[in-house]
Amino acid sequence: LFLEKHSINMIAPSLDNLGISGIDPNRKGELDLYIRCQDANGNKNEREYNINICIQPGEDLTPPIITGKIPESEMLTYNATSQFLTIFTNEPSECKWDDEDGDYSQMKNEFKCENRIKQQELFGWRCFDTLPIEKNESKFYIRCLDKPWEEDKSKRNKNTESYIINYKRSSSKLNIDSVTPNNETILSGVEPVSVEIVVKTSGGVDGTATCFYKIGNQYIRFLDTFERVHKQFFQSFTSGDKELGIKCEDSAGNVAEGKAKFTIDIDTKSPEVTRVYGSGGNLIVITNENAECSLITGENSRRSANLCGFDFNNENITEMSGDELTHTASFEDKTYYIKCKDKFENAPGECSIIVRQGLLNDA
(Lines give C-alpha, C1' and ligand atoms only; values in the text may rest on other atoms or scores of the structure.)
Protein backbone atom coordinates (compact mmCIF):
# COMPACT_ATOMS: atom_id res chain seq x y z
CA LEU A 1 0.00 0.00 0.00
CA PHE A 2 1.07 3.61 -0.50
CA LEU A 3 1.81 4.44 3.15
CA GLU A 4 4.62 6.06 5.12
CA LYS A 5 4.93 3.14 7.53
CA HIS A 6 5.24 -0.47 6.40
CA SER A 7 5.51 -3.67 8.44
CA ILE A 8 5.88 -7.41 7.85
CA ASN A 9 6.03 -10.39 10.21
CA MET A 10 9.08 -12.61 9.73
CA ILE A 11 10.42 -15.70 11.48
CA ALA A 12 14.08 -15.32 12.45
CA PRO A 13 16.07 -18.51 11.74
CA SER A 14 18.25 -20.13 14.39
CA LEU A 15 22.05 -20.46 14.02
CA ASP A 16 21.57 -24.13 13.19
CA ASN A 17 19.16 -23.13 10.43
CA LEU A 18 21.87 -20.82 9.09
CA GLY A 19 24.32 -23.74 9.07
CA ILE A 20 26.36 -22.42 12.02
CA SER A 21 26.62 -25.17 14.63
CA GLY A 22 28.95 -25.77 17.55
CA ILE A 23 29.21 -24.83 21.22
CA ASP A 24 31.23 -21.62 20.99
CA PRO A 25 29.22 -19.05 22.98
CA ASN A 26 30.69 -16.27 20.84
CA ARG A 27 29.57 -17.69 17.52
CA LYS A 28 27.07 -15.64 15.59
CA GLY A 29 25.28 -15.51 12.31
CA GLU A 30 24.15 -12.62 10.18
CA LEU A 31 21.14 -12.21 7.96
CA ASP A 32 20.81 -9.36 5.46
CA LEU A 33 17.51 -7.97 4.23
CA TYR A 34 17.39 -5.62 1.22
CA ILE A 35 14.50 -3.22 0.72
CA ARG A 36 13.48 -0.92 -2.11
CA CYS A 37 10.41 1.33 -2.25
CA GLN A 38 8.41 3.04 -4.97
CA ASP A 39 5.89 5.87 -4.66
CA ALA A 40 2.63 6.42 -6.53
CA ASN A 41 4.43 8.38 -9.26
CA GLY A 42 6.84 5.54 -10.00
CA ASN A 43 9.87 7.07 -8.22
CA LYS A 44 11.90 4.27 -6.65
CA ASN A 45 15.18 3.70 -4.81
CA GLU A 46 18.16 3.16 -7.09
CA ARG A 47 19.98 1.46 -4.20
CA GLU A 48 18.39 -0.93 -1.76
CA TYR A 49 18.15 -0.19 1.95
CA ASN A 50 20.07 -2.86 3.87
CA ILE A 51 18.94 -4.25 7.23
CA ASN A 52 21.55 -6.44 8.90
CA ILE A 53 20.33 -8.86 11.57
CA CYS A 54 22.63 -10.59 14.03
CA ILE A 55 21.47 -14.01 15.22
CA GLN A 56 22.38 -14.87 18.81
CA PRO A 57 23.51 -18.37 19.85
CA GLY A 58 20.76 -20.79 20.80
CA GLU A 59 20.19 -24.49 20.25
CA ASP A 60 17.09 -25.60 18.37
CA LEU A 61 15.45 -28.15 20.67
CA THR A 62 11.85 -27.90 19.49
CA PRO A 63 10.13 -29.81 16.66
CA PRO A 64 8.69 -27.99 13.64
CA ILE A 65 5.31 -26.32 13.91
CA ILE A 66 2.82 -26.40 11.04
CA THR A 67 1.67 -22.78 10.90
CA GLY A 68 -1.03 -23.07 8.23
CA LYS A 69 -2.35 -24.82 5.16
CA ILE A 70 -3.83 -24.04 1.74
CA PRO A 71 -6.70 -24.52 1.21
CA GLU A 72 -7.84 -23.80 4.74
CA SER A 73 -11.24 -25.47 4.28
CA GLU A 74 -11.39 -29.25 4.69
CA MET A 75 -14.59 -29.52 2.64
CA LEU A 76 -14.10 -30.86 -0.89
CA THR A 77 -16.16 -30.90 -4.06
CA TYR A 78 -18.80 -33.63 -4.20
CA ASN A 79 -16.87 -35.64 -6.85
CA ALA A 80 -13.29 -34.96 -5.64
CA THR A 81 -10.75 -37.74 -6.28
CA SER A 82 -7.65 -35.84 -5.13
CA GLN A 83 -6.66 -32.69 -3.30
CA PHE A 84 -3.52 -30.57 -3.74
CA LEU A 85 -2.37 -29.54 -0.27
CA THR A 86 0.21 -26.96 0.80
CA ILE A 87 1.41 -26.71 4.40
CA PHE A 88 3.77 -24.19 6.00
CA THR A 89 6.28 -24.81 8.79
CA ASN A 90 7.97 -22.33 11.12
CA GLU A 91 11.44 -23.58 10.14
CA PRO A 92 13.01 -25.50 7.24
CA SER A 93 11.74 -29.08 7.50
CA GLU A 94 11.06 -32.35 5.78
CA CYS A 95 7.47 -33.54 6.12
CA LYS A 96 5.59 -36.80 5.53
CA TRP A 97 1.94 -37.84 5.44
CA ASP A 98 0.00 -41.08 5.76
CA ASP A 99 -3.60 -42.26 6.15
CA GLU A 100 -2.56 -44.04 9.36
CA ASP A 101 -1.07 -42.36 12.41
CA GLY A 102 2.44 -43.36 13.40
CA ASP A 103 6.04 -42.28 13.92
CA TYR A 104 7.64 -39.98 11.35
CA SER A 105 9.96 -42.76 10.19
CA GLN A 106 7.01 -45.09 9.48
CA MET A 107 5.03 -42.69 7.32
CA LYS A 108 4.99 -43.72 3.66
CA ASN A 109 4.54 -40.48 1.72
CA GLU A 110 6.83 -37.45 1.52
CA PHE A 111 5.92 -33.85 0.85
CA LYS A 112 7.99 -31.82 -1.59
CA CYS A 113 9.48 -29.09 0.60
CA GLU A 114 11.12 -25.78 -0.27
CA ASN A 115 13.35 -25.66 2.80
CA ARG A 116 16.27 -23.44 1.88
CA ILE A 117 16.70 -20.38 4.10
CA LYS A 118 15.96 -17.94 1.26
CA GLN A 119 12.73 -19.77 0.39
CA GLN A 120 10.98 -18.51 3.51
CA GLU A 121 7.54 -17.00 2.83
CA LEU A 122 5.11 -14.97 4.93
CA PHE A 123 3.76 -18.06 6.71
CA GLY A 124 7.08 -19.93 6.82
CA TRP A 125 8.48 -22.67 4.60
CA ARG A 126 6.29 -24.39 2.03
CA CYS A 127 5.69 -28.16 1.59
CA PHE A 128 3.17 -29.58 -0.87
CA ASP A 129 1.77 -32.77 -2.36
CA THR A 130 -1.40 -34.21 -3.94
CA LEU A 131 -3.44 -36.40 -1.57
CA PRO A 132 -5.77 -39.11 -2.90
CA ILE A 133 -9.46 -38.85 -1.99
CA GLU A 134 -11.03 -42.30 -2.18
CA LYS A 135 -13.90 -41.98 0.31
CA ASN A 136 -16.48 -39.41 1.32
CA GLU A 137 -14.37 -38.81 4.43
CA SER A 138 -10.57 -39.10 4.27
CA LYS A 139 -8.28 -38.49 7.24
CA PHE A 140 -4.55 -37.77 6.87
CA TYR A 141 -1.75 -37.53 9.45
CA ILE A 142 1.26 -35.23 8.96
CA ARG A 143 4.58 -35.09 10.82
CA CYS A 144 7.76 -33.10 10.15
CA LEU A 145 11.49 -33.31 10.88
CA ASP A 146 13.64 -30.17 11.16
CA LYS A 147 17.27 -29.40 10.17
CA PRO A 148 17.18 -30.99 6.70
CA TRP A 149 20.92 -30.27 6.29
CA GLU A 150 21.82 -32.38 9.36
CA GLU A 151 23.01 -35.87 8.37
CA ASP A 152 22.81 -37.22 11.92
CA LYS A 153 19.05 -37.73 12.40
CA SER A 154 19.52 -38.10 16.16
CA LYS A 155 20.25 -34.37 16.26
CA ARG A 156 17.05 -33.52 14.48
CA ASN A 157 13.72 -32.67 16.15
CA LYS A 158 10.56 -34.42 14.97
CA ASN A 159 6.88 -34.19 15.76
CA THR A 160 5.61 -36.73 18.28
CA GLU A 161 1.99 -35.82 17.55
CA SER A 162 0.46 -35.63 14.10
CA TYR A 163 -1.14 -32.65 12.46
CA ILE A 164 -4.51 -34.07 11.33
CA ILE A 165 -6.54 -33.13 8.27
CA ASN A 166 -10.02 -34.61 7.86
CA TYR A 167 -11.33 -34.06 4.34
CA LYS A 168 -15.04 -34.46 3.61
CA ARG A 169 -16.70 -34.48 0.22
CA SER A 170 -19.75 -32.27 -0.28
CA SER A 171 -22.96 -34.30 -0.15
CA SER A 172 -24.13 -32.93 -3.51
CA LYS A 173 -23.12 -30.63 -6.30
CA LEU A 174 -23.79 -26.89 -6.12
CA ASN A 175 -26.98 -25.85 -7.94
CA ILE A 176 -28.26 -22.59 -9.34
CA ASP A 177 -31.99 -22.96 -8.65
CA SER A 178 -33.11 -19.79 -10.37
CA VAL A 179 -31.91 -16.68 -12.14
CA THR A 180 -34.23 -13.72 -12.54
CA PRO A 181 -35.03 -12.10 -14.83
CA ASN A 182 -34.96 -15.07 -17.22
CA ASN A 183 -36.60 -15.14 -20.65
CA GLU A 184 -38.52 -12.00 -19.72
CA THR A 185 -39.20 -8.70 -21.44
CA ILE A 186 -38.48 -5.63 -19.34
CA LEU A 187 -40.38 -2.52 -20.38
CA SER A 188 -39.07 0.95 -19.73
CA GLY A 189 -39.90 4.41 -20.91
CA VAL A 190 -36.30 5.67 -21.05
CA GLU A 191 -32.72 4.50 -21.51
CA PRO A 192 -30.52 3.42 -19.82
CA VAL A 193 -32.57 0.83 -17.92
CA SER A 194 -31.97 -0.42 -14.35
CA VAL A 195 -32.19 -4.19 -13.82
CA GLU A 196 -31.60 -6.28 -10.69
CA ILE A 197 -30.25 -9.80 -11.26
CA VAL A 198 -31.21 -12.27 -8.50
CA VAL A 199 -29.62 -15.74 -8.25
CA LYS A 200 -30.63 -18.50 -5.80
CA THR A 201 -28.28 -21.41 -4.97
CA SER A 202 -28.56 -24.71 -3.09
CA GLY A 203 -26.56 -27.91 -2.53
CA GLY A 204 -22.77 -28.05 -2.30
CA VAL A 205 -21.43 -27.49 1.23
CA ASP A 206 -24.52 -25.78 2.66
CA GLY A 207 -26.17 -23.93 -0.23
CA THR A 208 -24.16 -20.76 0.29
CA ALA A 209 -21.80 -19.55 -2.44
CA THR A 210 -20.08 -16.59 -4.04
CA CYS A 211 -21.56 -15.59 -7.38
CA PHE A 212 -20.03 -13.72 -10.32
CA TYR A 213 -21.34 -12.21 -13.56
CA LYS A 214 -19.38 -12.27 -16.80
CA ILE A 215 -18.42 -9.16 -18.77
CA GLY A 216 -16.33 -10.07 -21.81
CA ASN A 217 -13.84 -12.68 -20.58
CA GLN A 218 -13.83 -11.41 -17.00
CA TYR A 219 -15.96 -12.58 -14.06
CA ILE A 220 -16.92 -9.86 -11.56
CA ARG A 221 -18.27 -10.68 -8.11
CA PHE A 222 -21.83 -9.76 -7.17
CA LEU A 223 -22.01 -6.92 -4.65
CA ASP A 224 -24.58 -8.83 -2.56
CA THR A 225 -23.45 -12.47 -2.31
CA PHE A 226 -21.92 -15.11 0.07
CA GLU A 227 -25.41 -16.43 1.01
CA ARG A 228 -28.09 -18.50 -0.78
CA VAL A 229 -29.61 -15.44 -2.47
CA HIS A 230 -27.29 -13.24 -4.53
CA LYS A 231 -28.15 -9.84 -6.00
CA GLN A 232 -26.50 -7.45 -8.43
CA PHE A 233 -28.07 -4.14 -9.48
CA PHE A 234 -27.25 -2.75 -12.94
CA GLN A 235 -28.10 0.78 -14.05
CA SER A 236 -26.94 1.04 -17.65
CA PHE A 237 -28.70 -1.50 -19.89
CA THR A 238 -29.80 -0.30 -23.32
CA SER A 239 -32.60 -1.77 -25.44
CA GLY A 240 -32.27 -5.19 -27.07
CA ASP A 241 -31.69 -8.85 -26.20
CA LYS A 242 -29.34 -9.46 -23.26
CA GLU A 243 -27.47 -12.56 -22.06
CA LEU A 244 -25.37 -12.44 -18.89
CA GLY A 245 -23.18 -15.38 -17.84
CA ILE A 246 -23.43 -16.38 -14.16
CA LYS A 247 -20.97 -18.51 -12.16
CA CYS A 248 -21.24 -19.45 -8.47
CA GLU A 249 -18.64 -21.22 -6.31
CA ASP A 250 -18.86 -22.44 -2.72
CA SER A 251 -16.14 -22.80 -0.07
CA ALA A 252 -15.28 -26.34 -1.20
CA GLY A 253 -14.78 -25.36 -4.84
CA ASN A 254 -18.10 -26.68 -6.19
CA VAL A 255 -19.05 -24.60 -9.23
CA ALA A 256 -22.42 -24.00 -10.89
CA GLU A 257 -23.05 -21.94 -14.00
CA GLY A 258 -26.13 -20.33 -15.49
CA LYS A 259 -27.35 -17.41 -17.61
CA ALA A 260 -29.70 -14.48 -17.25
CA LYS A 261 -31.53 -13.92 -20.54
CA PHE A 262 -33.92 -11.04 -21.03
CA THR A 263 -35.02 -8.36 -23.48
CA ILE A 264 -35.06 -4.63 -22.84
CA ASP A 265 -37.97 -2.94 -24.67
CA ILE A 266 -38.18 0.84 -24.63
CA ASP A 267 -41.82 1.92 -24.78
CA THR A 268 -42.16 5.33 -26.44
CA LYS A 269 -45.70 4.85 -27.84
CA SER A 270 -48.78 6.27 -26.19
CA PRO A 271 -51.73 3.95 -25.48
CA GLU A 272 -54.26 3.42 -28.27
CA VAL A 273 -58.03 3.16 -27.87
CA THR A 274 -59.12 -0.12 -29.44
CA ARG A 275 -62.85 0.00 -28.60
CA VAL A 276 -65.40 2.46 -27.17
CA TYR A 277 -69.10 1.97 -26.39
CA GLY A 278 -71.90 3.00 -24.07
CA SER A 279 -73.51 0.67 -21.56
CA GLY A 280 -76.00 1.36 -18.76
CA GLY A 281 -75.38 5.09 -18.82
CA ASN A 282 -71.61 4.66 -18.77
CA LEU A 283 -68.98 5.36 -21.38
CA ILE A 284 -66.59 2.37 -21.74
CA VAL A 285 -63.12 2.89 -23.29
CA ILE A 286 -60.77 -0.05 -23.98
CA THR A 287 -57.01 0.55 -24.51
CA ASN A 288 -54.33 -1.73 -25.97
CA GLU A 289 -52.15 -1.47 -22.82
CA ASN A 290 -52.57 -0.61 -19.18
CA ALA A 291 -53.24 3.10 -18.98
CA GLU A 292 -54.82 5.99 -17.13
CA CYS A 293 -57.44 7.95 -19.07
CA SER A 294 -58.82 11.40 -18.36
CA LEU A 295 -61.45 13.50 -20.13
CA ILE A 296 -62.81 16.99 -20.46
CA THR A 297 -66.28 17.81 -21.77
CA GLY A 298 -67.24 20.56 -24.16
CA GLU A 299 -70.12 21.83 -26.29
CA ASN A 300 -71.85 19.25 -28.45
CA SER A 301 -69.99 20.66 -31.43
CA ARG A 302 -66.96 19.85 -33.56
CA ARG A 303 -65.67 23.40 -33.07
CA SER A 304 -64.45 22.47 -29.60
CA ALA A 305 -61.74 20.11 -30.94
CA ASN A 306 -59.00 22.39 -29.62
CA LEU A 307 -59.86 21.05 -26.14
CA CYS A 308 -57.70 18.02 -27.06
CA GLY A 309 -54.65 19.94 -25.99
CA PHE A 310 -55.48 19.65 -22.27
CA ASP A 311 -52.80 18.69 -19.73
CA PHE A 312 -53.24 15.82 -17.25
CA ASN A 313 -52.58 18.28 -14.42
CA ASN A 314 -55.49 20.47 -15.51
CA GLU A 315 -57.88 20.86 -12.58
CA ASN A 316 -60.89 20.88 -14.92
CA ILE A 317 -60.33 17.36 -16.25
CA THR A 318 -62.11 14.22 -14.99
CA GLU A 319 -60.15 11.04 -14.38
CA MET A 320 -61.90 7.94 -15.70
CA SER A 321 -62.23 4.88 -13.45
CA GLY A 322 -59.79 2.03 -14.14
CA ASP A 323 -56.02 1.99 -14.64
CA GLU A 324 -55.61 -1.16 -16.72
CA LEU A 325 -57.34 -1.84 -20.05
CA THR A 326 -60.92 -0.82 -19.23
CA HIS A 327 -61.87 2.76 -18.33
CA THR A 328 -65.34 4.10 -17.48
CA ALA A 329 -67.14 7.41 -16.92
CA SER A 330 -70.78 8.52 -16.80
CA PHE A 331 -72.16 9.07 -20.33
CA GLU A 332 -74.33 12.12 -20.96
CA ASP A 333 -75.32 14.15 -24.01
CA LYS A 334 -71.98 15.89 -24.22
CA THR A 335 -68.79 15.74 -26.24
CA TYR A 336 -65.99 13.85 -24.43
CA TYR A 337 -62.36 14.69 -25.20
CA ILE A 338 -60.37 11.71 -23.94
CA LYS A 339 -56.63 11.35 -23.56
CA CYS A 340 -54.79 8.26 -22.19
CA LYS A 341 -51.25 7.78 -20.86
CA ASP A 342 -49.29 4.68 -19.83
CA LYS A 343 -47.09 4.12 -16.75
CA PHE A 344 -44.13 5.67 -18.60
CA GLU A 345 -46.07 8.91 -19.09
CA ASN A 346 -46.36 8.28 -22.83
CA ALA A 347 -49.38 10.30 -24.04
CA PRO A 348 -50.53 11.70 -27.40
CA GLY A 349 -50.21 15.38 -28.17
CA GLU A 350 -53.89 15.41 -29.11
CA CYS A 351 -56.85 13.37 -27.89
CA SER A 352 -56.80 9.61 -27.93
CA ILE A 353 -60.44 9.78 -29.06
CA ILE A 354 -63.41 12.22 -29.16
CA VAL A 355 -66.80 10.73 -28.26
CA ARG A 356 -70.40 11.95 -28.51
CA GLN A 357 -73.51 9.90 -27.88
CA GLY A 358 -74.40 8.38 -31.23
CA LEU A 359 -71.14 9.52 -32.87
CA LEU A 360 -67.46 8.47 -32.40
CA ASN A 361 -64.71 10.72 -33.74
CA ASP A 362 -61.09 9.43 -33.89
CA ALA A 363 -58.64 12.21 -33.09
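Predicted model: local features only at pLDDT ≥ 70, side-chain atom pairs only at ≥ 80, totals over all residues.
Gly216 sits in the loop between β15 and β16, the latter being 218–221. Is Gly216 buried or exposed? Its relative accessible area is 58%, and the cut-off for exposed is over 50%, so Gly216 is exposed. Now look back along the chain to Thr201. Gly216 and Thr201 are 15 residues apart in sequence, and their C-alpha atoms are separated by 24 Å.

Which residues gather in a patch of negative charge on the surface? They are Glu196, Asp206, Asp224 and Glu227. Take Asp206. Its loop runs between β14 (193–203) and β15 (210–215). Asp206 has 40% relative accessibility, so it counts as partly exposed.

Next, Phe226. Phe226 is not a glycine, yet its phi is positive, about 80°. You will find Phe226 in the loop between β16 and β17 (229–237). Its relative accessibility is 47%, which makes Phe226 partly exposed.

Lys147 has a positive phi of about 50°, and it is not a glycine either. The loop in this case lies between β10 (137–146) and β11 (163–169). Is Lys147 buried or exposed? Lys147 is buried, at 7% relative accessible area. The cut-off for buried is under 20%, so 7% qualifies.

On to the cis peptides. Thr180 and Pro181 are joined by a cis bond, with omega about 0°. Pro181 is in the loop between β12 (174–180) and β13 (184–188). Then go to Glu191 and Pro192. The peptide bond between them is cis, and omega is near -5°. Pro192 belongs to the loop between β13 and β14.

Now the nonpolar surface. Ile8, Met10, Leu122 and Phe123 make a patch there. Together they have about 450 Å² of accessible area. Met10 comes from the segment before β1 (29–35). Its relative accessible area is 48%, so Met10 is partly exposed.

Last, the whole chain. How many helices and strands are there? The count is 0 helices and 27 strands. The C-alpha trace spans about 120 × 55 × 30 Å along its principal axes. The radius of gyration is 38 Å, whereas a compact globule of 363 residues would have one near 21 Å. Of the 363 residues, 38% are buried.

How values were computed. Residues numbered from 1 in each chain as written. Heavy atoms only, no water. Patch = residues over 30% accessible without salt bridge, like charges linked within 9 Å, V, L, I, M, F, W, Y side chains within 5 Å. Areas by Shrake-Rupley, 256 points an atom, 1.4 Å probe, with all protein chains shown as cover. Salt bridge = Lys/Arg side-chain N within 4 Å of Asp/Glu carboxyl O. Lys, Arg positive; Asp, Glu negative; His and termini not counted. Charge placed at Lys NZ, Arg CZ, Asp CG, Glu CD. Helix = DSSP H or I, 4+ residues; strand = E, 2+ residues; numbered from the N terminus. Buried < 20%, exposed > 50% of the residue type's maximum accessible area, 1.4 Å probe, protein only. Rg over C-alpha atoms; globule rule 2.2 N^0.38 Å.
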